[in-house]
Amino acid sequence: MLRIVLIAPLVAALAACALKSPLDAGETRAQALPNMTLPPQWTAQGGAAGAVASGWLATFNDPQLESLVREALVYNFDLQVAAARVEQAAGYARLAGATLYPQVNLLARGGGKLSGDSSGLAGAGVFASWELDLWGRVRAGREAARLQYVSAELEAEYARQSIAALVAKSWFLAMEARLQKGVAEDMVRASEQIANLARERQRVGSGSEYDTAVAQASLQTQLDVVQQVDLAYRQSVRALEAMAGRYPAAALDVPARLPAKPGPVPSGMPSDLLERRLDVTAAERRVAAAFHRTEEAKAARLPRISLTAAVSTISSDLFVLKDHDNPVWSAGASLLAPIYLGGALQSQVEIRTAEQKQALAEFGRVGARAFGEVENALASSVTLEARMTILARAVAENERALELANVRYRVGSGDLRAVQQQQLALSSARTALLRVRSEQLVQRVNLHLALGGGWALEADTLAPRSAMAFDPAKR
């Protein structure tokens, strides 16, 4: 009997059905993006030739920004949530494969006259059971859970990249807000000079009370603009502090300068993008996981065969047990075959099949979005560069025009309205130029994130571990 118990699992394991393989990466992309033909190069200009590289954060040459990014990666609450989800997925992966191994339990009780039922019985037994996964149901569930874990790990690393990019963009926007506040304060000083000049002209009789009132009204308007811009700056600083897990006290010191835009970015080829983007790879793993969930549901319709074995011993202080061997050995097998469950098992297959279609469509959506993000970032860089040239000229011309308007007003050949209009035109041009300079940096970060390049050079990401085989027994 013992020999049969030992040999049967080996025979069953050799006869077990091998798991079916999901679609490979190429087939998955062909089915998810059937109407998309990839060009050999990006259609938008703005990128440089060469492979996509990591370490984009260092290209801005800003140690304070690098320190803030690293702080956010440690203390950001969204990343802590993502890390907890990875741990949950790892636990589910271990749980899904647990029944591949024998389940062993110990049952024991003490007897004697003082026992709860006064039977005097005492004994112990070890009971083992093992479901033979002949059809691959348990293995399919374990593989689905493993792939879900890999997907969660990839998503967590992509979240780290996204947080690094968000901190960098928020840093540049906070710099812009501080510089915009400087522009507004310059307008206040210019308005004060105009108001003083208007009062002086009124005093000597070459001006009017109307001009003085208009100048004072313009000054108050500019003071209000300063308050608005200052609030926007403090809110941007608080957002940065919150991302780093700090108390939002608006105490972070943000420099009043924007870094120079780094050189051209090697953008690779469209055909390589889906392999680099961690969010796309995570979606691809979810497609494979959904496939194995479907196979698990199909196998659940087939009979389940389990082997059982036990050894036990029993004794009594009150009774004499006749013809009883101690210990008692037993072994057997059980069969559980679903016959009629009201269509529940077939419905489960249909549900899993629909989930597989959904996962494939999600992969297509994420992939299409990735291509769009790269093209948009490249196109934006070209447009912003052209706008920079135009707006720099506009600022220079408006500065010269304002000087001429001030001269004309002082000598009495021009009115105050022309000076104020020219002040507003200059302020608008300076504000737009700052906005474009900041947007250039923001779009540069967007391009790096869209291309799938890592923010750091060091290999401290989760992606390499995701490519390794996951062994639930070793976690």
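Select Gln423 to begin: at 4% relative accessibility, this residue counts as buried, because the cut-off for buried is under 20%. The model on display is a predicted one. Gln423 belongs to helix H10. Next, display the residues around this side chain, leaving aside neighbours within four places in sequence: Gln423 is in contact with Met187, Ala190, Ser191, Ile194 and Leu402.

**The chain as a whole**

Zoom out and colour by secondary structure. Eleven helices and four strands make up the elements of the chain. If the display is then coloured by accessibility, 40% of the 475 residues count as buried.

**The largest nonpolar core**

Select Val167, Trp171 and Phe172. Within the largest nonpolar core, which has 49 residues, these three touch the most other members. To see where the core is drawn from, highlight the elements that give two or more residues to it: helix H3 (63–75), helix H4 (77–96), helix H5 (137–204), helix H6 (209–243), helix H8 (278–299) and helix H10 (416–451). Which of these helices gives the most to the core? H5 does, with 19 residues.

Now centre the view on Val167. Leaving aside neighbours within four places in sequence, Val167 is in contact with Leu65, Leu68, Val69 and Ala72, and also with Leu240 and Met243. A second, separate core can be selected next; it has 23 residues, among them Leu33, Ala44, Val287 and Phe363. As background to both selections, nonpolar side chains in soluble globular proteins tend to be buried together.

**Helix H5 against H6**

Hide everything except H5 and H6. Their axes are 8 Å apart, and the two helices pack at an angle of about 165 degrees. H5 is therefore roughly antiparallel to H6, as angles over 145 degrees count as such. The crossing of H5 and H6 is left-handed. Colour the contact of H5 with H6 by residue class: 20 residues are nonpolar, nine are polar and eight are charged.

**Helix H5 against H8**

How do the axes of H5 and H8 cross? They come within 8 Å and cross at roughly 165 degrees. This angle makes H5 roughly antiparallel to H8. H5 passes H8 in a left-handed crossing.

Within helix H8, select Glu295. Is this residue buried or exposed? Glu295 counts as buried, because its relative accessibility is 16% and the limit is 20%. Leaving aside neighbours within four places in sequence, Glu295 is in contact with Lys20 and Ala140.

**Last stop: Thr353**

Finally, select Thr353, which is found in helix H9 (residues 344–411). With a relative accessible area of 28%, Thr353 is partly exposed, since that class runs between the 20% and 50% limits. Thr353 and Ala297 are 56 residues apart along the chain, and their C-alpha atoms are separated by 9.2 Å.

Terms used. Residues are numbered from 1 along each chain as its sequence is written. This is a predicted model: local features need pLDDT of at least 70, side-chain atom pairs count only at pLDDT 80 or more; totals for chains, interfaces and linings use all residues. Side-chain values use heavy atoms; hydrogens and water are left out. A nonpolar core is a set of buried Ala, Val, Leu, Ile, Met, Phe, Trp, Tyr and Cys residues joined through side-chain atoms within 4.5 Å. Buried means under 20% relative accessible area, exposed over 50%, partly exposed in between (1.4 Å probe, protein chains only). Contact means heavy atoms within 4.5 Å. Axes are lines fitted to C-alpha atoms, for helices over the stretch in contact, and angles run from 0 to 180 degrees between N-to-C directions. Angles under 35 degrees count as roughly parallel, over 145 as roughly antiparallel, 65 to 115 as roughly perpendicular and the rest as oblique. A crossing is left-handed if the near helix is turned anticlockwise from the far one by less than a right angle, and right-handed if clockwise. Ala, Val, Leu, Ile, Met, Phe, Trp, Tyr, Cys and Pro count as nonpolar, Asp, Glu, Lys and Arg as charged, and the others, Gly among them, as polar.
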